[in-house]
Amino acid sequence: MHARTRPHRYPRGFSCSGPRFCQRGVSLLEVMIAVLVLAVGVLGAATLQLNALRYNASAGYSTQASLIASDLLDRMRANAGLLEDYATSSVPGDCTAGQGVSGGVSMASRDLADFIEAVTCRLPRGAGDIAVSGDRATISVSWSEARIVAGDEPTRFVISSVIR
C-alpha cells in the first residue's frame, strides 16, 4: 500500500502545474549572478592591464638609465687620460636640451653635456652624479616614478667600473 501524500498548497495567485514549473524567478537570479561574475572578471582584467602598463613604463625608464650610464662609462674609457674631468657632484633635474657646450672644449666637457642632456630630458625629473676615485668611476642616475606609483621615492640606478 502506498501512503497518500497531501498535495502542497501554494500561495494565492501562484500556480504550479508540476515540479518543473515551480521555479519562478530562478532564471533571473542566475542571470544576475552571471553578470556579477562577468563584471568581477572584467574588472580584474582591467586591473591587470593597468599594472602591465605601469611596469612597462618603469622597465623603459630603467633601460634608459642603464643605457645612459653605460654610454658615459664607454666615453670615459675612451678618454681615460682625463678621468678626473668627469667628476661632478650632481646633475640638475631640469631638461637642458640644446644647452650643451660649443666647439673648442675638451672631450670630457662634451661627454658631460651629452650625459646631462640625456639624464634630464629622457627621464622624468632625471638627476645624476658621477664620482671618480682613482681608477674607479661610479655613475648614479635617478628619476621619479610618481606617475607610475604615487608617492614613491625616486628610483636610482648605480653602475661602477674600473677605468683603464
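**Group meeting: a walk through one predicted model**

The protein has two helices and four strands. What you see above is a predicted model, so please keep that in mind for everything that follows. Starting at the N terminus, the order of elements is α-β-α-β-β-β.

Some totals come next. The protein has 164 residues, and 23% of them count as buried. Its accessible surface comes to about 11,600 Å². Carbon and sulfur atoms account for 57% of that surface. Then there are the contacts. Take those between residues at least 6 apart in sequence: 58% of them join residues at least 24 apart.

Now the inside of the protein. How many residues does the largest nonpolar core have? It has 23. The residues with the most contacts inside this core are L72, M76, F115, I130, I139, V141 and I163. Which elements give two or more residues to it? They are helix 1, helix 2, strand 2, which covers 127–133, and strand 3. Helix 1 supplies the largest share, six residues.

Leaving out residues up to four places away in sequence, I130 touches L72, M76, Y86, A87, T88, L112, F115, T138 and I139.

S142 is part of strand 3, residues 136–143. S133 belongs to strand 2. Is each one buried or exposed? S142 has a relative accessibility of 11%, so it counts as buried. The cut-off for buried is under 20%. S133 has a relative accessible area of 58%, and the cut-off for exposed is over 50%, so S133 is exposed. As for neighbours, S142 touches R125, G126, A127, T155 and R156, again not counting residues up to four places away in sequence. For S133 I have one distance to show. S133 and E84 are 49 residues apart in sequence, yet their C-alpha atoms are 8.3 Å apart in space.

Next, charged pairs. Side chains of opposite charge can pair when their charged atoms come close. Searching the whole structure gives five salt bridges. I will go through three of them.

The D74 and R77 side chains form a salt bridge, with 3.1 Å from N to O. Why are these two about one helical turn apart? Because they sit three residues apart in helix 1, which spans residues 26–78. D74 is partly exposed at 47% relative accessible area, and R77 is partly exposed at 40%.

Another salt bridge joins the side chains of R75 and D114, at 2.7 Å from N to O. R75 is in helix 1 and D114 is in helix 2, residues 107–122, so this pair ties together parts that are 39 residues apart in sequence. Both ends are partly exposed: R75 has a relative accessibility of 25%, and D114 has a relative accessible area of 25%.

D114 also takes part in a salt bridge with R110, where the closest N and O atoms are 3.1 Å apart. R110 and D114 are both in helix 2, four residues apart, about one turn of the helix. R110 is partly exposed as well, at 32% relative accessibility. Through shared partners, salt bridges join D71, R75, R110, D111 and D114 into one network.

Last topic: the disulfide. A disulfide is a covalent bond between the sulfur atoms of two cysteines. How many are there in this model? The count is one. The bond joins C95 to C121, with an S to S distance of 1.9 Å. The link is right-handed, with 90° about the S-S bond. Where do the two cysteines lie? C95 is in the loop between strand 1, residues 88–91, and helix 2, while C121 is in helix 2 itself. They are 26 residues apart, so the pair links distant parts of the chain. C95 counts as partly exposed at 44% relative accessibility, and C121 is partly exposed with a relative accessible area of 33%.

Terms used. Residues are numbered from 1 along each chain as its sequence is written. This is a predicted model: local features need pLDDT of at least 70, side-chain atom pairs count only at pLDDT 80 or more; totals for chains, interfaces and linings use all residues. Side-chain values use heavy atoms; hydrogens and water are left out. Buried means under 20% relative accessible area, exposed over 50%, partly exposed in between (1.4 Å probe, protein chains only). Contact means heavy atoms within 4.5 Å. A salt bridge is a side-chain nitrogen of Lys or Arg within 4 Å of a carboxyl oxygen of Asp or Glu. A disulfide is a pair of cysteine sulfur atoms within 2.5 Å. A nonpolar core is a set of buried Ala, Val, Leu, Ile, Met, Phe, Trp, Tyr and Cys residues joined through side-chain atoms within 4.5 Å. Accessible areas come from the Shrake-Rupley method with a 1.4 Å probe; for residues, only the protein chains shown count as cover.
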